[in-house]
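Here's a short report on a predicted model, with an eye on its charged pairs. Take a look at it first.

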Amino acid sequence: MEELFPIKYALDTFYFLVMGALVMWMAAGFAMLEAGLVRSKNTVEILTKNIVLYAIACIMYLVCGYSIMYGSAGYFLSGIMGSGVDGGSTYAPSADFFFQVVFVATAMSIVSGAVAERMKLWAFLAFAVVMTAFIYPMEGKWTWGASSVFGMYSLMGDDGLGFKDFAGSGIVHLAGASAALAGVMLLGARKGKYGKNGEINAIPGANLPLATLGTFILWLGWFGFNGGSQLVVSSVNDANAVALIIVNTNMAAAGGCVAALILARLMFKKADLTMALNGALAGLVAITASPDTPSPVLATLFGAIAGVIVVFSIVVIDKLKIDDPVGAISVHGVAGFFGLMIVPITADGTSFFVQLVGAVTIFVWVFVVSLIVWAILKAVMGLRVSEEEEYEGVDIAECGMDAYPEFTGAGK
């Protein structure tokens, strides 16, 4: 059987890289979704944020994030070279790094949509450095890294509490939403979003076809997000697990999409496309904590419940005057929490209490540290563009160009 090991090693490494590439493609999904849900005058800036945050995440996770999270080479300059055979692994260490780094970028992408249309570009990018180099890796250390931090407990691992978050409903999505919430609270709402008498004014996005394309890209990328989190595929059991995970991921998105659309029709008397899009994403976020244990029927039901929850959450958060242009806090935060809490329904060895402890730990760490970082940035360089720049659009103020010059007259 020893001669089969190189084939197993090559297969699992290739599988890891392909799944990572699918997750990387989610960066395009976030970019398209957010560009579609903001006004046209803010399109260039949101696209700039998305591509640069991905680059920053890759660099900072290489410099120190991966080492902090997994302790591979102290806390500086991640050790990802060499052969996994030397360490008894079934895949190349560099493939593991690539798969992990695209998750970091996903967490940071969640933040960009929530603070869209009024945050300074360079303040956002400065936060991205801290988020991807320190905040995310530290909470990842006592979850997926299965290590204690500052004397705290480990949530996962043989000596952990038994917390389960298979692919990151909490570790990635709740974390990203927690950082976003902290930023939004210090940033404030967009001008004109809320009236003096408490009325809520809708600010529609500029390009719903683009937002829909972004959602489809995210849906596709999620097969790598969840499917790749099985880590290996070279045995019969692992191959079967990956197949079930991908089927469950797909069904949860379908359930969320349909349920959100039906609820929107009942509440608003119209088939709201944006709620359908967010419902699909909420289903994906919710199933991510344990896509390997439910049946496809249960996965569909879980996704549908998440789709219902996210519609109510978006409405409630708006009433609380927390301005989130793309619904990121509801989709990734509320649905992420829901996903963590339904894990014990199908996963043996887990408990609602430990899942709650894990969720609270992730939220408190990321929210509090993010709030401190945002506050420092606000004091040092400011978070918000001027009222005039916000009115004219941050594309011109921050990037010096229009996304659609033919329509604005800038291209004449």
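Lys8 and Asp12 sit four residues apart, about one turn of the helix, and both belong to helix H1 (residues 5–37); helices here are DSSP runs of H or I, at least four residues, and strands are runs of E, at least two, numbered from the N terminus. Their side chains form a salt bridge at 3.9 Å, N to O, the term meaning a side-chain nitrogen of Lys or Arg within 4 Å of a carboxyl oxygen of Asp or Glu.

Asp12 is buried at a relative accessible area of 0%, while Lys8 is partly exposed at 31%. (Buried is under 20% relative accessible area, exposed over 50%, partly exposed in between, with a 1.4 Å probe and protein chains only.)

## Pairs across the chain

Glu117 and Arg39 also make a salt bridge, with the closest N and O atoms 3.1 Å apart. That one links distant parts of the chain, 78 residues apart: Glu117 is in the loop between helix H3 (93–114) and helix H4 (121–141), Arg39 in the loop between H1 and helix H2 (43–70). Glu117 is buried, at 1% relative accessibility. Arg39 and Glu117 join Arg190 and Asp323 in a network of salt bridges.

## The whole chain

Overall, the protein chain has 15 helices and zero strands, and 56% of its 412 residues are buried. The salt bridge count is eight.

## About the numbers

Residues are numbered from 1 along each chain as its sequence is written, and side-chain values use heavy atoms, leaving out hydrogens and water. As the model is predicted, local features need pLDDT of at least 70 and side-chain atom pairs count only at pLDDT 80 or more, while totals for chains, interfaces and linings use all residues.
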